[in-house]
Amino acid sequence: MEQINALRAGVETALAAIKSPAELKDFFGAYLGKSGQIQALMKSLGALSKEERPAAGKRINDFKEEVLAKFKAIEAAIEKQELLKKYENESVDISMPAVFRSPGALHPVSIIRKELLDVFAGMGFTLYEGPEIEDDYHNFTALNTPQDHPARDKQDTFYITEDTLLRTHTSPGQIRCMKTMKPPFKVVMPGRVFRSDDDATHLPMFHQMEGLVIDKGLSMCDLYGLLDSLAKSVFSPDTKTRFRPSYFPFTEPSVEVDVSCCECGGSGCRLCKETGWIEILGGGVVNRKVIENGGLDPDEYTGLAFGTGLDRIAMLKYGVNNIHILYDGDVRILKQFKG
Ligand code: DAH
């Protein structure tokens with residue numbers, strides 16, 4: 001009994017000190033386990049007489065049950081405490097600001113490209129993409145712009161060799177299409193073009209979209225209808241269009257196409273320089289010489305052609321006044337355009 005009482009004092013203090021699963025385990029090992037102190041007490045029964053042994057054994061067993069019961073109660077409390085700790089660590093604070101990942105957006109020029117291609121696809125046009133590195137013949141000569149033609153000065157060209165260059169417009173695609181496609185056909189040619197230019201509204205690289213229709217008996221009226229419905233789709237249904245006489249070596253007659261100003265609706269503002277009109281396109285009836293250079297008979301086939309600047313349309317539509325903004329790669333600006 002003395003030994004049990006002495007052990008009980010130690011057990012009480014040890015139980016009271018348990019704070020963690022590890023301490024719980026240590027306690028079990030020290031007192032209740034196979035080599036624990038209560039088991040040692042059991043083993044010492046051998047030293048007692050036969051008569052004393054059963055009563056002493058019962059006391060030790062009762063003591064063990066008593067300790068085990070207390071141990072179980074503490075074990076349950078510690079388990080509960082550990083679970084609460086775990087819940088606390090895993091809990092989500094729903095008042096925290098969320099981590100926001102931008103889903104990204106198409107570049108404004110890509111949006112315009114897509115919009116235009118959609119309109120053209122609806123009118124039965126097919127897509128063609130010519131090479132960015134062109135030869136002098138396709139870029140100029142075949143488009144009725146011979147070596148000494150003053151129109152060459154209008155387009156400052158990046159030459160690679162005397163004969164190869166970065167295309168200054170998408171128009172050379174007209175020759176390539178006429179040579180490979182069977183008329184009648186309607187084709188659009190979007191792509192990058194390059195000129196030695198750099199100011200608020202010009203960059204050395206920009207985007208154009210060329211259109212070419214080859215068929216029999218086409219007229220300026222067909223071109224007007226086509227471009228008018230294009231302008232209405234891209235800007236707004238109440239956009240007005242007008243043709244102004246102009247000059248390009250590859251078309252005869254040639255026109256420049258204006259749309260009513262998308263900012264003021266035609267009443268006059270800074271964007272349209274108080275004229276109410278904004279130029280967006282060049283076009284015309286394909287020059288007979290160009291039809292010939294494309295390998296077709298100009299007495300049999302007529303062509304309608306036009307070319308427009310995608311960056312320029314993007315700037316007009318989204319109110320961007322400096323072309324550099326489109327290419328500075330500032331995502332704070334670019335992500336505003338969702339198309
Ligand atoms: N290639 C011309 C330019 O870059 C635009 C153009 C004008 C294209 C008239 C055409 C056209 O197809 O018929 O300024």
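This is a predicted model: local features need pLDDT of at least 70, side-chain atom pairs count only at pLDDT 80 or more; totals for chains, interfaces and linings use all residues.

Me: In what order do the seven strands of the open sheet stand?

Reply: Helices (H or I, at least four residues) and strands (E, at least two) are DSSP runs, numbered from the N terminus. Two strands pair if DSSP finds at least two bridges between them. The pairing in this open sheet is mixed, and the order of its seven strands is E1-E4-E5-E9-E8-E7-E6.

Me: Which strands stand at the edges of the sheet?

Reply: An edge strand has a single partner strand, so one side of it is left without a neighbour in the sheet. The strands in this position are E1 (126-127) and E6 (241-248).

Me: How many bridges join E6 to E7?

Reply: E6 and E7 form a hairpin with two residues between them, and Phe-248 stands opposite Thr-251 in E7. The two strands run antiparallel, and the number of bridges that join them is seven.

Me: Which residue of E8 is the bridge partner of Ser-254?

Reply: Strand E7 (residues 251-260) and strand E8 (residues 277-286) pair in the antiparallel sense over eight bridges. In E8, the partner of Ser-254 is Gly-284.

Me: At what angle does H9 run to E6?

Reply: Axes are lines fitted to C-alpha atoms, for helices over the stretch in contact, and angles run from 0 to 180 degrees between N-to-C directions. Contact means heavy atoms within 4.5 Å. Helix H9 (residues 220-234) lies across E6, E7, E8 and E9, and its angle to E6 is about 120°.

Me: To which strand does H5 run at about 5°?

Reply: H5 lies across E1, strand E4 (185-194), strand E5 (205-215) and strand E9 (302-309). The strand to which H5 runs at about 5° is E5.

Me: How are H5 and H11 oriented to each other?

Reply: Two packed helices are described by the angle between their axes and the distance between the axes. Helix H5 (residues 108-122) and helix H11 (residues 310-318) pack at an angle of about 100°, with their axes 9 Å apart. Angles under 35 degrees count as roughly parallel, over 145 as roughly antiparallel, 65 to 115 as roughly perpendicular and the rest as oblique. H5 is therefore, relative to H11, roughly perpendicular.

Me: How are H1 and H4 oriented to each other?

Reply: The axes of H1 and H4 are 12 Å apart, and the helices pack at an angle of about 5°. H1 is therefore, relative to H4, roughly parallel.

Me: How many charged residues does the contact of H1 with H4 have?

Reply: Ala, Val, Leu, Ile, Met, Phe, Trp, Tyr, Cys and Pro count as nonpolar, Asp, Glu, Lys and Arg as charged, and the others, Gly among them, as polar. Residues of H1 in the contact include Leu-7 and Glu-12, and those of H4 include Phe-63 and Lys-70. By class, this contact has nine nonpolar and no polar residues, and the number of charged ones is five.

Me: Which helix gives the largest share of the lining of the largest cavity?

Reply: On a 1 Å grid over the protein atoms alone, a cavity is a set of points where a 1.4 Å probe fits but cannot get out, a pocket is an open set with protein on both sides within 12 Å along at least five of seven lines, and lining residues have an atom within 4 Å of a point. Grid points are joined across faces, edges and corners, and a volume is the space filled by probe spheres set on the points. The largest cavity holds about 40 Å³, and among its lining residues are Leu-116, Leu-230 and Ile-280. The largest share, three residues, comes from H9.

Me: Which helix gives the most to the lining of the second largest pocket?

Reply: This pocket holds about 180 Å³ of space. Helix H1 (2-16) and helix H4 (53-90) each supply at least two residues of its lining. With three residues, the helix that gives the most is H4.

Me: Which residue does a cis peptide bond join to Glu-252?

Reply: Most peptide bonds are trans. Here omega is about 0°, and the residue joined to Glu-252 by the cis bond is Pro-253.

Note on methods: Residues are numbered from 1 along each chain as its sequence is written. Side-chain values use heavy atoms; hydrogens and water are left out.
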